[in-house]
Amino acid sequence: MAEFLEAPIAIIDKRRPRANVAEIMNIIGDVKGKRCIMIDDMIDTAGTITLGAQALIDAGAKEVYASCTHPVLSGPAIERIANSPIKQFVVTDSIQLPEEKQIDKLKQISVGPLIGDAIKRIYENKPVSPLFHNRFHGAE
């Protein structure tokens with residue numbers, strides 16, 4: 001993603017002393033004065049992503065955005081996200097969020113068209129990989 005955006009990459013070094021508990025150890029890379037985009041596959045209680053967002057701000061980031069594919073968002077997740085420095089949190093609808101979990105800074109986007117295109121390509125015995133290349137490079 002950093003290569004596609006032609007942007008530098010930073011890594012958040014975390015440790016999990018036990019399940020659903022994360023400790024941010026270090027920010028590897030320079031984030032001072034930068035707009036940061038955090039990308040994750042699944043977010044459950046939002047502890048790691050919100051701690052990471054705060055660590056980025058503490059390291060000098062000017063803005064933090066977050067995204068994930070599967071928004072489980074259980075327990076204190078919504079409250080943590082609402083109270084975090086995350087400016088916008090973009091998730092897919094792989095898990096449909098109930099109305100009480102939809103807050104202003106959360107934006108849910110549909111994966112339906114992508115999955116539909118993939119099913120059609122598989123049915124027609126065509127490759128699926130162009131779906132991703134085309135979406136990232138603006139081709140039709």
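1. The model is a predicted one. The chain has five helices and six strands, and from the N terminus on its elements follow the order α-β-β-β-α-β-α-β-β-α-α. The C-alpha trace spans about 50 × 35 × 30 Å along its principal axes.

2. Where contacts between residues at least 6 apart in sequence are considered, 49% of them join residues at least 24 apart.

3. The nonpolar surface patch. Which residues make the nonpolar surface patch of about 510 Å²? The patch is made by Met1, Phe4, Leu5, Ile37 and Ile39, and both α1 (2-5) and β3 supply at least two residues each. Ile39, which is found in strand β3, has a relative accessible area of 54% and is therefore exposed, given that exposed means over 50%.

4. Helix α2. This helix covers residues 47-58, twelve residues in total, and reaches 16 Å from its first C-alpha to its last, which is close to the 16 Å expected at 1.5 Å a residue. Its buried residues are Gly47, Thr48, Ile49, Thr50, Gly52, Ala53, Ala55 and Leu56, and these pack against the strands β1 (11-18), β2 (21-28), β3 (35-43), β4 (63-71) and β5 (86-92), as well as against helix α3 (77-82). Just after α2, Gly60 takes a positive phi of about 105°.

5. Thr48 as an example from that helix. Thr48 has its place in helix α2 and, with a relative accessible area of 17%, is buried, because the cut-off for burial is under 20%. Leaving aside residues up to four places away in sequence, Thr48 touches Lys14, Arg16, Ala22 and Ile24.

6. The nonpolar core. How many residues does the largest nonpolar core have, and which of them have the most contacts inside it? The core has 21 residues, and those with the most contacts inside it are Val64, Leu73 and Phe89. At least two residues of this core come from each of β3, α2, β4, α3 and β5. Glu63, at 16% relative accessibility, counts as buried. The side chains of Glu63 and Lys87 also meet in a salt bridge, at 2.8 Å, N to O, and here too distant parts of the chain are linked, with Glu63 in strand β4 and Lys87 in strand β5, 24 residues apart. Lys87 counts as partly exposed, at 48% relative accessibility, and salt bridges that share partners join Arg35, Glu63 and Lys87 into one network.

7. The salt bridge of Arg15 and Asp13. The side chains of Arg15 and Asp13 meet in a salt bridge at 2.6 Å, N to O. Is each partner buried or exposed, or does it fall in between? Arg15 is partly exposed, with a relative accessible area of 44%, whereas Asp13 counts as buried at 16% relative accessibility.

8. The loop between β2 and β3. Asp30 is found in this loop and is exposed, with a relative accessible area of 52%. The C-alpha atoms of Asp30 and Pro17 are separated by 26 Å, although the two residues are 13 residues apart along the chain.

Methods:
Residues are numbered from 1 along each chain as its sequence is written. This is a predicted model: local features need pLDDT of at least 70, side-chain atom pairs count only at pLDDT 80 or more; totals for chains, interfaces and linings use all residues. Side-chain values use heavy atoms; hydrogens and water are left out. Helices (H or I, at least four residues) and strands (E, at least two) are DSSP runs, numbered from the N terminus. The expected span of a helix is 1.5 Å times one less than its number of residues. Buried means under 20% relative accessible area, exposed over 50%, partly exposed in between (1.4 Å probe, protein chains only). Contact means heavy atoms within 4.5 Å. Patches are made of residues with over 30% relative accessible area and no salt bridge: like charges are joined within 9 Å, nonpolar side chains (Val, Leu, Ile, Met, Phe, Trp, Tyr) within 5 Å. Accessible areas come from the Shrake-Rupley method with a 1.4 Å probe; for residues, only the protein chains shown count as cover. A salt bridge is a side-chain nitrogen of Lys or Arg within 4 Å of a carboxyl oxygen of Asp or Glu. A nonpolar core is a set of buried Ala, Val, Leu, Ile, Met, Phe, Trp, Tyr and Cys residues joined through side-chain atoms within 4.5 Å.
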